[in-house]
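Hi everyone, thanks for making time.

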Number of protein chains: 2
Amino acid sequence: VTAVNATIAIWDDYESTLKTITRYLKWFDEFEELIRPVKTVDDILSAKLENRTGIIFGWQNAAPIGNDLSRLRLFHELGVRIIQITYNERNLLGNGCYERVDDGLSRFGLAAVKEMNRLGILMDLSHVGDRTTMDTIENSDGPVAITHANARSQIDHPRNKTDEAIRLLAERGGVIGANAFPMFFERGFDTDLEEYLDAIDYLVQMVGPDHVAIGTDFCMEQPRSFFEWLFMSQGKIPATDIPYTPEPYQHLRGFADPSDWVKVAEGLLNRNYSESDTKKVLGENWLSLFAQVWSK
Amino acid sequence: VTAVNATIAIWDDYESTLKTITRYLKWFDEFEELIRPVKTVDDILSAKLENRTGIIFGWQNAAPIGNDLSRLRLFHELGVRIIQITYNERNLLGNGCYERVDDGLSRFGLAAVKEMNRLGILMDLSHVGDRTTMDTIENSDGPVAITHANARSQIDHPRNKTDEAIRLLAERGGVIGANAFPMFFERGFDTDLEEYLDAIDYLVQMVGPDHVAIGTDFCMEQPRSFFEWLFMSQGKIPATDIPYTPEPYQHLRGFADPSDWVKVAEGLLNRNYSESDTKKVLGENWLSLFAQVWSK
């Protein structure tokens, strides 16, 4: 792995997100030999050459800007390059996949999409409600991403996406990262690598090898309390029904941590994917998309 | 006038709303002979006896709590007694009347309604979207208010309310304050007192004299810039189309400022309203509603 989309905001607000970034900046200085910031695709390529891990600042919720669109410029300056429109529930832009209903982008959300287009911030639709997802793809001037989700027509779960959304995303040049989070598979925490390869292949069959990538959603070493926090309403109101997670947390069998990426490559090659298609799925599609959106 | 619903938050956030309250607390000390805080109906009755104006802290937007429901308790302690669910656009609770669409209360909004029920904060639905309005009335344990709006079936404007909402509000014991804001009348700034009396009477015909009151929406001495700010998206993004307002601002002809309230009373009596019904409309309905909700 040469770069990771480091989630620096989920339920966080403006102040706490600035604090998190400040902490990362300190780490960039302190652990200079291990990590480096990523603001461009060249930074990712350099990270590879330097044998360091590139850190892309990503948000799973646009909430840190509050109601002030001008803060997008500030956060872009600080290195934020991927922003998910909304996380599970409503924010001022649109609705998440677990909301009571979804009415799509708000007036503010539409303005935010245009501003992210202008700045060159990649929009992510993984935890976003169906109608807000379609609204964003339709209103964006450039391609967008679904960084970590699968197809709902394969595995029926609200976090997975409709065929309609996946097809339109691909038509407009976007990329979907097949999600390896056990909860979004039928067999949950018993799911193995073959079933993950099935999920990748299902997407490739649908939209071709240029629009599918890997979205690990690794949550290794996270305690139960982390998942409880994720499922809280707005990160504050305890959820009444939290899905089971093992303690200690485990990931897919055979794809349990970053060292297993090579097995994904082997698995795709074993399924007669060409070397070129395998490379696309394993990383090149992300690089192309980043290059196209970030260089704006 | 013995008490006013002083709007202390429209586009304001948590910090700035606390600052506004701090400023009011200073004024309560400084201008003790003119004004007094209102937290109960007794405070309003005392204000009358003391010949002072009671100040009810009211919000036209629940946004100041951000995503933290526990702040409702804090603001209740500080005296906030009326909260409009949302102002014109989306917030985390629901949608406003000028949004692109309205999907009703969110999960957070539903939790907020229950918490305002518990604390005894009166919910206001004046600038709220149609579906969020219905959702709130249906999910509230007690009566709610539409403090300043008219009937859309009489005057077709998105700020006015559907018959469905007005009837359900009344069925559940709520009160609607007939709005005297010129923009929500067919003849705009040429509207006179008689047309305002028509609007009151239209509502009384619909739901009876126990559920209709006065909601002046007085904006005297406000400069054009104030209205420009009101119409900004989320109070930050300039509106492309701002309705005309005269400069200096003028209110309804014949009902231009608080000294004209007596003319409303005379007007209703001239229309053969009984003295008892006139009193209800002019203030007693508000007092009864406040007593019922605030004493919880």
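Let's start with a term. A salt bridge here is a side-chain nitrogen of Lys or Arg within 4 Å of a carboxyl oxygen of Asp or Glu. With that in hand, look at Lys263(B) and Asp260(B): their closest N and O atoms are 3.4 Å apart, so the pair counts as a salt bridge, given the 4 Å cut-off. Before I go on, please keep in mind that this is a predicted model.

Is Asp260(B) buried or exposed? Asp260(B) is buried, at a relative accessible area of 11%.

How many salt bridges does the structure hold over all chains? The count is 42. Side chains of opposite charge can pair when their charged atoms come close.

Let me pick one pair in chain A. Arg36(A) and Glu50(A) meet through their side chains in a salt bridge, at 2.9 Å from N to O. This pair links distant parts of the chain, with Arg36(A) sitting in strand β2 (residues 35–37) and Glu50(A) in helix α2 of chain A, 14 residues apart. Arg36(A) is buried, with a relative accessible area of 13%. Glu50(A), on the other hand, is partly exposed at 35%.

Now over to chain B. Glu50(B) forms a salt bridge with Arg36(B), and the closest N and O atoms there are 2.9 Å apart. Here too the pair links distant parts of the chain: Glu50(B) is in helix α2 (residues 41–50) of chain B and Arg36(B) is in strand β2 (residues 35–37), 14 residues apart. Glu50(B) is partly exposed, with a relative accessible area of 35%. Arg36(B) has 14% relative accessibility, and because anything under 20% is called buried, Arg36(B) falls in that group.

Staying with charge for a moment, let's go to the surface. Which residues gather in a patch of negative charge there? They are Asp13(A), Glu15(A), Asp13(B) and Glu15(B). One of them, Glu15(A), is found in helix α1 (residues 14–30) of chain A.

Next, a residue tucked away from the surface. Where is Glu89(A)? You'll find Glu89(A) in the loop between β4 (80–84) and α4 (107–119) of chain A. Glu89(A) is buried, and its relative accessible area is 0%. Leaving aside residues up to four places away in sequence, Glu89(A) touches a list of residues including Trp11(A), Glu99(A), Met232(A) and Gln234(A) in chain A. The list also takes in Arg107(B) and Phe108(B), from chain B.

Gln60(B) is in the loop between β3 (53–59) and α3 (71–77) of chain B, and it is buried, with a relative accessible area of 13%. How far apart are Gln60(B) and Ile10(B) in space, C-alpha to C-alpha? The answer is 5.1 Å, although the two are 50 residues apart in sequence. Ile10(B) is also one of the residues that Gln60(B) touches, not counting residues up to four places away in sequence. Among the others are Thr7(B), Tyr87(B), His127(B) and His148(B).

Last topic: the backbone. Which residue does a cis peptide bond join to Pro248(A)? That's Glu247(A), and omega is about 0°. Pro248(A) is in the loop between α8 (224–231) and α9 (261–270) of chain A. In chain B, the peptide bond from Glu247(B) to Pro248(B) is cis, with omega near 0°, and Pro248(B) is in the loop between α8 (224–231) and α9 (261–270) of chain B.

Then there are two residues to check for phi. Asn51(A) is not a glycine, yet it has a positive phi of about 60°. Asn51(A) is in the loop between α2 (41–50) and β3 (53–59) of chain A, and it is exposed, with a relative accessible area of 68%. Glu221(B), also not a glycine, has a positive phi of about 65°. Its place is the loop between β8 (212–215) and α8 of chain B, where Glu221(B) is exposed at 78%.

That's my tour. Over to you for questions.

Definitions and conventions:
Residues are numbered from 1 along each chain as its sequence is written. Chains are lettered from A and ligands numbered from 1 in the order in which they are written. This is a predicted model: local features need pLDDT of at least 70, side-chain atom pairs count only at pLDDT 80 or more; totals for chains, interfaces and linings use all residues. Side-chain values use heavy atoms; hydrogens and water are left out. Patches are made of residues with over 30% relative accessible area and no salt bridge: like charges are joined within 9 Å, nonpolar side chains (Val, Leu, Ile, Met, Phe, Trp, Tyr) within 5 Å. Accessible areas come from the Shrake-Rupley method with a 1.4 Å probe; for residues, only the protein chains shown count as cover. Lys and Arg count as positive and Asp and Glu as negative; His and the chain ends are not counted. The place of a charge is taken as NZ of Lys, CZ of Arg, CG of Asp or CD of Glu. Helices (H or I, at least four residues) and strands (E, at least two) are DSSP runs, numbered from the N terminus. Buried means under 20% relative accessible area, exposed over 50%, partly exposed in between (1.4 Å probe, protein chains only). Contact means heavy atoms within 4.5 Å.
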